[in-house]
Amino acid sequence: MSGPTSTKDELHVEGDAGDAAAATFELLPSRQSTVGGVPVRRALPRRAHRTVGAWCFADHMGPTSVTETRGVDIGPHPHIGLQTVTWLAAGEVLHRDSLGSEQLVRAGQLNLMTAGSGVAHAEEATGRYRGELHGIQLWVAQPESTRHGDAAFEHHAALPQLELANGTATVIVGSLAGTPSPARRDTDHTGAELLLRPGESVVPLPPEHEHALIVLAGTVAVDGHAVRPGALAYLGTGRSELALSVPPSESTRVLLLGGAPFEEQILMFWNYVARTRDEVTVAHRSWESDDGRFGEVASLLPRIPSPRPPWG
Ligand code: MN
């Protein structure tokens with residue numbers, strides 16, 4: 001879920017690079033955090049890899065149990081310069097934003113919000129849904145060409161799928177094996193969910209893209225390394241295909257992220273993706289003074305205050 005992010009990323013990296021001749025494989029443990037009352041495993045950003053393509057943030061949320069009185073509840077908060085990609089494996093969350101959008105998202109559906117120069121939103125589950133909640137909240141850094149533009153929201157109730165040797169891929173954004181998603185994208189990046197059965201599946205990749213995997217459930221082996229929930233497997237560039245092996249009696253759900261390496265230097269602070277401290281300071285003041293830049297969200301949850309930028 002898109003919640004407020006902490007002001008700093010823990011400097012915590014475990015390398016597992018193979019020999020120089022082999023393709024890149026680095027297993028980076030996620031950082032434990034809590035957002036909106038639920039535990040999350042933050043896979044991006046990591047110190048070793050701040051971005052994968054334009055993907056700049058990934059919080060694996062749950063699985064957790066939503067009851068009548070306890071679930072994910074993230075009050076109104078602002079964003080600039082990024083897209084939020086909400087993807088659920090189980091459960092439901094209601095999205096409300098300052099554009100007037102009110103959209104329930106369920107497993108297998110996409111909520112995609114573009115912040116541009118400013119938007120605010122809230123996400124809530126308590127009182128609306130009971131049962132398992134499991135998903136991932138991703139951010140995509142917007143490029144210079146669109147990051148000062150208008151905010152936008154789109155919902156995709158169904159997305160294209162393709163069959164793999166031992167599983168199914170859903171193309172969330174971008175294109176996989178020639179199958180494109182209809183979702184907006186401002187840079188050359190891809191996100192897909194792979195539901196894999198035991199055995200090997202091979203996915204073709206554009207070698208000019210860098211790639212990474214986040215396992216949501218189960219186990220997958222890549223280049224002989226086991227990848228499980230709680231880590232980002234960074235795969236680098238130069239791969240024209242990816243072989244994924246699932247052990248017997250497992251059922252694995254994995255997110256494949258990729259894209260052309262994002263060359264713009266970004267500055268992330270709280271819910272802002274910017275380039276300079278001044279941009280963050282101005283956004284912070286706008287949110288704290290509620291000067292209208294971020295609009296109003298029709299949510300009963302309290303507004304989340306912005307932490308003060310540490311540079312004063
Ligand atoms: Mn958010």
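Here is a short chat about how some features of this predicted model get their labels.

Me: What makes Phe-57 and Trp-139 a stacked pair?
Reply: Rings of Phe, Tyr and Trp (its six-membered ring) pair if their centres lie within 6.5 Å; planes under 30 degrees apart are stacked, over 60 edge-to-face, and the rest tilted. By this rule there are 4 aromatic pairs. Phe-57 and Trp-139 sit 4.1 Å centre to centre with 20° between the planes, and that is stacked. Phe-57 lies in strand β4 (residues 55–66) and Trp-139 in strand β11 (residues 131–141), so the pair ties together parts 82 residues apart in sequence. Strands and helices here are DSSP runs numbered from the N terminus (helices: H or I, at least four residues; strands: E, at least two).

Me: How do you know whether Phe-57 is buried or exposed?
Reply: Buried means under 20% relative accessible area, exposed means over 50%, and partly exposed is in between (1.4 Å probe, protein chains only). Phe-57 has 1%, so it counts as buried.

Me: Why is the pair of Trp-287 and Phe-294 called edge-to-face?
Reply: Their centres are 5.8 Å apart and the planes make 80°, which puts the pair in the edge-to-face class. Trp-287 has 1% relative accessibility, so it counts as buried, and Phe-294 at 3% does as well.

Me: What makes Arg-303 count as lying over the face of Trp-287?
Reply: The test is NZ of Lys or CZ of Arg within 6 Å of the ring centre and within 35 degrees of the ring normal. Arg-303 is 3.6 Å from the ring centre of Trp-287 and lies over its face.

Me: How do you know that the span of helix α2 agrees with its number of residues?
Reply: The expected span is 1.5 Å times one less than the number of residues. For the 13 residues of α2 (residues 277–289) that gives 18 Å, and the end C-alpha atoms are 18 Å apart, so the two agree. Trp-287 is one of the buried residues of α2, along with Val-280, Thr-281, Ala-283, His-284 and Ser-286. Their cover includes β5, β10, β25 (267–269) and β26 (272–274). After the helix comes Asp-290, with a positive phi near 50°.

Me: Why are β5 and β8 called edge strands?
Reply: Two strands pair if DSSP finds at least two bridges between them. The open sheet of 4 strands runs β5-β10-β7-β8, with antiparallel pairing. β5 (73–79) and β8 (102–106) each have a single partner strand, so one side of each is left without a neighbour in the sheet. Inside the sheet, 4 bridges join β7 (residues 92–97) to β10 (residues 119–124), and Asp-97 stands opposite His-121 in β10.

Me: What makes Trp-270 stand out?
Reply: Its phi is positive, about 50°, although it is not a glycine. Most residues other than glycine have a negative phi, and most peptide bonds are trans. Trp-270 sits in the loop between β25 and β26 and is buried at 2% relative accessible area. Asp-223 also has a positive phi, near 50°, but at 44% relative accessibility it counts as partly exposed.

Me: Which peptide bond involving Pro-63 is cis?
Reply: The one from Gly-62, with omega about 5°. Pro-63 is in strand β4. Leu-44 and Pro-45 are joined by a cis bond as well, with omega about -5°.

Notes: Residues are numbered from 1 along each chain as its sequence is written. This is a predicted model: local features need pLDDT of at least 70, side-chain atom pairs count only at pLDDT 80 or more; totals for chains, interfaces and linings use all residues. Side-chain values use heavy atoms; hydrogens and water are left out. Contact means heavy atoms within 4.5 Å.
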